[in-house]
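Okay, thanks for making time, everyone.

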Amino acid sequence: MAVEVTYPIWMWSKQKGSRLLLLVAIGDYANAEGIAWPSIRSLSKRIRMGERYVQKMLREIEEDGE
């Protein structure tokens, strides 16, 4: 199901770089309804960045309204 979720991320997200990578990683965890609840640790491992940095990026993405 990841393609159905990640395609809109690639097309319409205003994020760039690491934050876009993080959104795509979240999309990879999504189920058929587009719901995803990956842990910070899982996301950190997937995008090869520290857990604190992942938390910071998530806050920034949320502040940007995505």
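**Helix H4 and its surroundings**

So, let's start with packing: the buried residues of H4 sit against helix H2 (17-28) and helix H3 (40-47). Quick reminder before I go on, this is a predicted model.

Which residues of H4 are buried? They're Val54, Met57 and Ile61. Looking down the axis of H4, its buried residues fall within an arc of 65°, so they line one face of the helix. On the face of H4 turned away from the buried side, you get the exposed residues Arg52, Glu62 and Glu63.

As for geometry, H4 covers residues 51-63, which is 13 residues. From first C-alpha to last it reaches 19 Å, close to the 18 Å expected at 1.5 Å a residue.

Now the two ends. After H4 comes Gly65, with a positive phi near 85°. Arg48 isn't a glycine, and yet its phi is positive, about 60°. Is Arg48 buried or exposed? Exposed, with a relative accessible area of 74%.

Last stop, the surface. Val3, Tyr7, Trp10, Met11 and Trp12 make up a nonpolar patch there, and together they have about 670 Å² of accessible area. Take Met11 from that patch: it lies in helix H1, residues 2-12, and Met11 is partly exposed, at 45% relative accessible area.

That's my tour, over to you.

Notes. Residues numbered from 1 in each chain as written. Predicted model: local features only at pLDDT ≥ 70, side-chain atom pairs only at ≥ 80, totals over all residues. Heavy atoms only, no water. Patch = residues over 30% accessible without salt bridge, like charges linked within 9 Å, V, L, I, M, F, W, Y side chains within 5 Å. Areas by Shrake-Rupley, 256 points an atom, 1.4 Å probe, with all protein chains shown as cover. Salt bridge = Lys/Arg side-chain N within 4 Å of Asp/Glu carboxyl O. Helix = DSSP H or I, 4+ residues; strand = E, 2+ residues; numbered from the N terminus. Buried < 20%, exposed > 50% of the residue type's maximum accessible area, 1.4 Å probe, protein only. Expected span 1.5 Å × (residues − 1). Arc of directions from axis to C-beta. Contact = heavy atoms within 4.5 Å.
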